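Dear colleague,

My notes on what was found in it follow directly after.

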Amino acid sequence: GGAEHEVLTLTPVAQDKMMITLRGTSGVQLQVLEEGIEANFPDVDIVITNNTWLQDDMDNNCYQDIILTANSIQVNWNAPETLIDLSGESFVQNYYLSSIQDSAVKDGLYYLPGPSNIYGVVYNKDMFAEYGWQAPSALDEFIALCETIEAEGIRALQPALYYQDAGRQFFTGFTYEPVFAGVDNVVWHNAYREGEAVMAGHMEPAFEIMQRFVDAGILQAEDYAVKPDQRSNMLYKDKTCAMILETQEAVNYRTQYGGEDAPEIGMMPFYSGNGPDSDYLLSVPTYFMAANVGLKEKGNEEKLAKVMEILAFLSTARGQKAVTPAGSTMLSSVRGMELVNSEFLSDVKATIEKGNVVRQPFFVGSANSKVEAVLKADMTLFAQGEITAAEVMKDLDEARDTVLSQEASYTDT
């Protein structure tokens, strides 16, 4: 790579070992990662650098051998020129297809997903048992269940949509199958994020589902003012709602908010259709992993081979276990890992095993506050019956276009 003449660390480097530099990122226990790699590669000294500006490093060819980034869009701008295409590596087959399908850039695969937080519908098992409610297995059943719960004077689902990302996750999770799943939808989605498609003519099924939610009382305008701690109190402490949207961290929030009286809980998937494969969980990888294309330069053959060995190791269940911190509740993107909190996840085990854990969709390259602010404002009005689906779609198109034009202006300077 291009970092061999830089001061990377003040920690002494073992002279009898191969030094491999690794760019850290927030949200990763780097010491556990370093120790896990070095324990299995005793001839390697992992040197971690952190808090660097990745885009500047890549633009100036001074980035590390292995790159971790929390945001895949950072490496998309010039991935083919700066990162190694991993699509031909056999270890890629170890990943769930759904976890890597959004990692393709210009027909190549330049980064791999780390473990993920998963979003689903968390429900009060005690309340379900008390009232004799059954977990649904399809969208129609979910809506009918919510209507039954509401008839008891209990809020069925409190999505807590105050924060903009929650609004996007709610919208995309419950509409995934008709507008985001499958090859044709992926083609449209990629085109939309690039400004080459519009919502009209494609997204109508999503708004039909949202209208059904409004009609059934599942989605209410007031939900866009509810914060996460409020919904957590409703489920775990006050027991005034039956379901919320939450990650696997619910197993910890349960006792944090509910104490000794906290209910038993489980997770069910988002249902966005009535077919056998309409169940999905949304995933948010904690990091993405890539390799510096400079390793392919003449003279780096030995280091390139070692980096590929390390990536191959990290792409196995054994490797994942070696670098996963104790007590982690995240879901691995690699096949063969045992489920943590298997009882809590028992209702979504089949969803996970068939690979229906999907990267959360974005309306531009990644999360964008301007687009999501429009989604929140317009969906509040939609829930009140004050704006049509066509108007929401038009406003989102315009917000997307504004963001893309600003990004183009930035990259041209």
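Val 371 counts as buried because its relative accessibility is 2%, where buried means under 20% relative accessible area, exposed over 50% and partly exposed in between, with a 1.4 Å probe and protein chains only. Val 371 belongs to helix α17 (residues 369-383); helices (H or I, at least four residues) and strands (E, at least two) are DSSP runs, numbered from the N terminus. Leaving out residues up to four places away in sequence, Val 371 touches Phe 363, Val 364, Leu 396, Ala 399, Arg 400 and Val 403, a contact being heavy atoms within 4.5 Å. Leu 396 is 25 residues from Val 371 in sequence, and the two are 6.4 Å apart in space, C-alpha to C-alpha.

Please keep in mind that this is a predicted model, in which local features need pLDDT of at least 70 and side-chain atom pairs count only at pLDDT 80 or more, while totals for chains, interfaces and linings use all residues. Residues are numbered from 1 along each chain as its sequence is written, and side-chain values use heavy atoms, with hydrogens and water left out.

As for the whole protein chain, it holds 18 helices and 14 strands, and 53% of its 413 residues are buried. Of the contacts between residues at least 6 apart in sequence, 74% join residues at least 24 apart.

The largest nonpolar core has 63 residues, of which Phe 174, Met 203, Met 210, Phe 213, Leu 219, Met 243 and Met 379 touch the most other members; such a core is a set of buried Ala, Val, Leu, Ile, Met, Phe, Trp, Tyr and Cys residues joined through side-chain atoms within 4.5 Å. A second, separate core of 33 residues includes Leu 22, Leu 30, Ile 84 and Leu 314. Apart from neighbours within four places in sequence, Phe 174 is in contact with residues including Val 121, Phe 142, Phe 270 and Tyr 271.

Strand β12 (residues 279-285) has six of its seven residues buried, so β12 is largely enclosed by the rest of the structure. Strand β7 (residues 116-124) runs antiparallel to β12 and is joined to it by four bridges, with Ser 283 in β12 as the bridge partner of Ile 118; two strands pair if DSSP finds at least two bridges between them. Strand β11 (residues 270-271) is also antiparallel to β12, with two bridges, and here Phe 270 has Tyr 280 as its bridge partner. Strand β14 (residues 357-359), by contrast, pairs with β12 in the parallel sense over three bridges, and Val 357 in β14 stands opposite Leu 281.

Elsewhere, five strands form an open sheet of mixed pairing in the order β2-β1-β3-β13-β6, whose edge strands, β2 (44-49) and β6 (112-113), each pair on one side only. Within this sheet, strand β1 (residues 18-23) and strand β3 (residues 66-69) pair in the parallel sense over two bridges, and Ile 67 in β3 is the bridge partner of Arg 23.

Lastly, the axes of helix α12 (residues 228-237) and helix α13 (residues 250-258) come within 9 Å and cross at roughly 80°, axes being lines fitted to C-alpha atoms, for helices over the stretch in contact, with angles from 0 to 180 degrees between N-to-C directions.

With best regards
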